[in-house]
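Opened a new model today and want to jot down what I look up.

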Protein chains: 2
Amino acid sequence: MTRSDEEAVSRFVERFAAEMTEAGMQRMAARVFAALLASENASLTSAELAEQLVISPAAVSGAIRYLTQVGMVAREREPGTRRERYVLHNEIWYETFTRRDQILTRWEKVLREGADTLGPDTAAGARTAETADFFAFLQDEMTSMLDRWRERKEARGAQS
Amino acid sequence: MTRSDEEAVSRFVERFAAEMTEAGMQRMAARVFAALLASENASLTSAELAEQLVISPAAVSGAIRYLTQVGMVAREREPGTRRERYVLHNEIWYETFTRRDQILTRWEKVLREGADTLGPDTAAGARTAETADFFAFLQDEMTSMLDRWRERKEARGAQS
DNA sequence: CGCTCATTTCACAAACTTGTGAAGTTAAGG
DNA sequence: CCTTAACTTCACAAGTTTGTGAAATGAGCG
């Protein structure tokens, strides 16, 4: 891989990280995630990440803590060394969106309670109940959508 | 509506706003949005918002600027007064998720370019291309999902 | 036309976030 | 067990964001 290839990859990493950051993800977590995505084995060591992204070990540590907490990355101890490897889960999107589902459940619950408070005889209550309905609907759809994606993957014999 | 009802509504507004904030929305925008959702006509004036949320007119102005920019709220001049009303769009979720679709398109494009840079013969390239596929798939599913929601609404003769 | 009230803009203070260097902790390997 | 490499935690400086008060803008209404 030439010098300029590396630069092109780095540009991609930064660009994709920027998109994720804009969507609300922590900056360092997004950069680490993107670097892992673009790495040959979907895995890098702390030192590799620090070097590639030009950040301190502390920043890597913080980003990894976040990414493991939300279940996007796993830690693996390299056997025979004292080095740790961070690995992208290989059904990343499936898992990430499944988790998002739990957020929708919480939203729905809050909205349902709000609708009760406002009362079914008020426009506000009806509107809030309908919003709760929408999120319930979303949860359902999400589940079947992910099933369809998984099927499609299996048909093609690939990972996700 | 009694004093304690008002308090209960306010608690709901704050709770739902907190959920949205956690998901990445600006705090004031989330609070204003939640207040509008819980208001009888899905609309409030600047003064009403400022009073209810105990914030300055400047904060209301900023939140409304954001909400109108992302298309979640419309401004309406009350005829016969110099007061402005801010109104929730009534197909809010439909519209909001349609907009989100455009973000997915951008992500897909960045990922597609990344896959090209990495090359189709590398694991990283294949993985990135598959991620792009996932987002393309999502866009598709999103569209048909929203169609189904709209149908369902129409069947019940309600708004969203 | 000019007054007045509603909204917006602006400069700033406070609070929060981010990333770092350095010290602390842990565990592999002698 | 002691050394040392690898990671984590911590305190802090820098940078950003947030919400405010006050001044500016603008639009109804007389």
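My notes follow, one topic at a time.

**Helix pair.** I'm working with a predicted model here. I started with α2 (residues 27-37) and α3 (residues 46-53), both of chain A, and looked up how their axes sit: they come within 11 Å and cross at roughly 105°. Angles of 65 to 115 degrees count as roughly perpendicular, so I logged α2(A) as roughly perpendicular to α3(A). Next, which residues make the contact? From α2(A) I noted A:R31, A:V32 and A:A35, and from α3(A) A:L49, A:Q52 and A:L53. Sorted by class, that contact comes out as four nonpolar residues, one polar and one charged.

**Strand pair.** Then I turned to β2 (residues 73-77) and β3 (residues 84-88) of chain A. They run antiparallel, and I found five bridges joining them. I checked A:R75 too, and its bridge partner in β3(A) is A:Y86.

**Largest pocket.** How much space lies in the largest pocket? I got about 2000 Å³. I have 46 residues down for the lining, with A:A23, A:R100, B:A23, B:G24 and B:R100 nearest the centre. Chain A elements giving two or more residues to the lining are α1 (3-22), α5 (92-118) and α6 (123-156). On the chain B side I wrote down α1 (3-22), α4 (57-69), α5 (92-118) and α6 (123-156).

Notes. Residues numbered from 1 in each chain as written. Chains lettered and ligands numbered in written order. Predicted model: local features only at pLDDT ≥ 70, side-chain atom pairs only at ≥ 80, totals over all residues. Heavy atoms only, no water. Axes fitted to C-alpha atoms, helices over the stretch in contact; angles between N-to-C directions. Helix = DSSP H or I, 4+ residues; strand = E, 2+ residues; numbered from the N terminus. Parallel < 35°, antiparallel > 145°, perpendicular 65-115°, else oblique. Contact = heavy atoms within 4.5 Å. Nonpolar A, V, L, I, M, F, W, Y, C, P; charged D, E, K, R; others polar. 1 Å grid on protein atoms, 1.4 Å probe; cavity = no way out; pocket = protein on both sides within 12 Å on 5 of 7 lines; lining within 4 Å. Points joined across faces, edges and corners; volume = space filled by probe spheres on them. Pairing = 2+ DSSP bridges.
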